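Please read them with the model open beside you.

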Amino acid sequence: MNLPPGRLRRWISDITVWTGTGPGDRLVRVPDARTALVVRRTRQGRCDLLVAGPRTRATYNTGKDLPFSLRLRLRPGAALPLLGVGAGELVDRVVGIGELWPGSDDLVLRLFEAGTDAELVLKHLESALLTRIAARTPADLARSELVRAAAVALTRPSGQGREPVPAIARQLAVSERHLRGLFADDIGLPPKRFERIMRVRRVLANGRASGWAAAGYYDQSHMTAEFRAMMGVTPGAFFAGRLPTLQPC
């Protein structure tokens with residue numbers, strides 16, 4: 001399950017389901033500029049709906065005994081209309097949905113009753129999210145589209161059509177200051193840090209074959225230094241499996 005239902009594709013980039021994770025597993029969470037909704041079910045039967053904000057550095061943890069987890073990664077600009085708060089309030093945090101959605105107990109109960117049926121869990125989440133979207137004003141939706149357009153423009157690697165921030169602001173008919181403020185509030189990161197995370201994720205996606213130029217770096221040393229700052233180890237060590245000591249989750 002990767003693509004969200006049609007009505008959610010404007011807001012959700014991808015969906016991932018995990019089953020059967022245990023305490024002996026290694027849990028590596030890489031930097032991610034996206035906010036995510038996470039449903040998790042414990043072996044004891046507890047069901048949680050969590051919001052994971054943008055993650056600026058990798059974490060390495062021992063796994064938990066979770067027979068079922070489902071994650072929806074939000075598109076840039078979707079946090080405010082869907083969650084009611086900008087991603088800037090969620091950076092490097094994981095919070096229960098009750099802190100953001102008053103009256104969410106009924107939804108959590110429906111998710112609990114759905115068990116490990118991923119399709120039914122997703123159906124309940126889709127209904128709740130679409131209800132929240134319908135309550136947003138045209139100004140809220142226009143703001144979300146502006147943020148998403150800016151993020152798409154900044155996602156392009158340098159040298160492959162990516163314009164500097166002032167030029168992107170002009171193309172979108174807003175001031176540079178306004179655009180930077182939108183990034184900080186709605187994505188949770190300034191444009192430069194957003195770009196750094198995207199570069200590291202390109203290296204992770206391409207594996208050992210990743211070249212510094214294709215990932216958007218100036219040279220090999222630039223790639224190594226930036227990767228190590230966010231991942232805690234060099235690219236060579238990471239892909240060889242030489243990772244930092246695992247910490248309790």
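1. In which sense do strand β3 and strand β6 pair, and over how many bridges? The pairing of β3 (residues 36–41) with β6 (residues 66–74) is antiparallel and covers six bridges. Within β6, F68 is the residue that stands opposite R41. Keep in mind that this is a predicted model.

2. These strands belong to an open sheet of five strands, in the order β1-β6-β3-β4-β7, and the pairing is antiparallel. β1 (12–21) and β7 (94–96) are at the edges; each has a single partner strand, so one side of each has no neighbour in the sheet. From one strand to the next, the twist averages 20°. As background, strands of a sheet pair through backbone hydrogen bonds, in either a parallel or an antiparallel sense.

3. Helix α2 (residues 105–114) lies across β3 and β4 (47–52), and its direction is at about 120° to β4.

4. The largest pocket holds about 880 Å³ of space. Its lining consists of 31 residues, and those nearest the centre are L27, R29, V38, A52 and R55. β1, β2 (26–29), β3, β4 and β6 are the elements that give two or more residues to this lining. By class, the lining of the largest pocket has 13 charged, twelve nonpolar and six polar residues.

5. The second largest pocket has a volume of about 200 Å³. Twelve residues line this second pocket, and R162, K192, E195, R199 and Y218 are the closest to its centre. Both α7 (191–206) and α9 (220–231) supply at least two lining residues; α7 gives the most, with four. Sorted by class, the lining of the second largest pocket has seven charged, three polar and two nonpolar residues.

6. How do the axes of α7 and α9 cross? They come within 10 Å and cross at roughly 100°. Angles of 65 to 115 degrees count as roughly perpendicular, so α7 is roughly perpendicular to α9.

7. Which residues make the contact between these two helices? On the α7 side they are R196, I197, R199, V200, V203 and L204. On the α9 side they are H222, M223, E226, F227, M230 and M231. By class, the contact of α7 with α9 has eight nonpolar, three charged and one polar residue.

Note on methods
Residues numbered from 1 in each chain as written. Predicted model: local features only at pLDDT ≥ 70, side-chain atom pairs only at ≥ 80, totals over all residues. Heavy atoms only, no water. Pairing = 2+ DSSP bridges. Axes fitted to C-alpha atoms, helices over the stretch in contact; angles between N-to-C directions. Contact = heavy atoms within 4.5 Å. 1 Å grid on protein atoms, 1.4 Å probe; cavity = no way out; pocket = protein on both sides within 12 Å on 5 of 7 lines; lining within 4 Å. Points joined across faces, edges and corners; volume = space filled by probe spheres on them. Nonpolar A, V, L, I, M, F, W, Y, C, P; charged D, E, K, R; others polar. Parallel < 35°, antiparallel > 145°, perpendicular 65-115°, else oblique.
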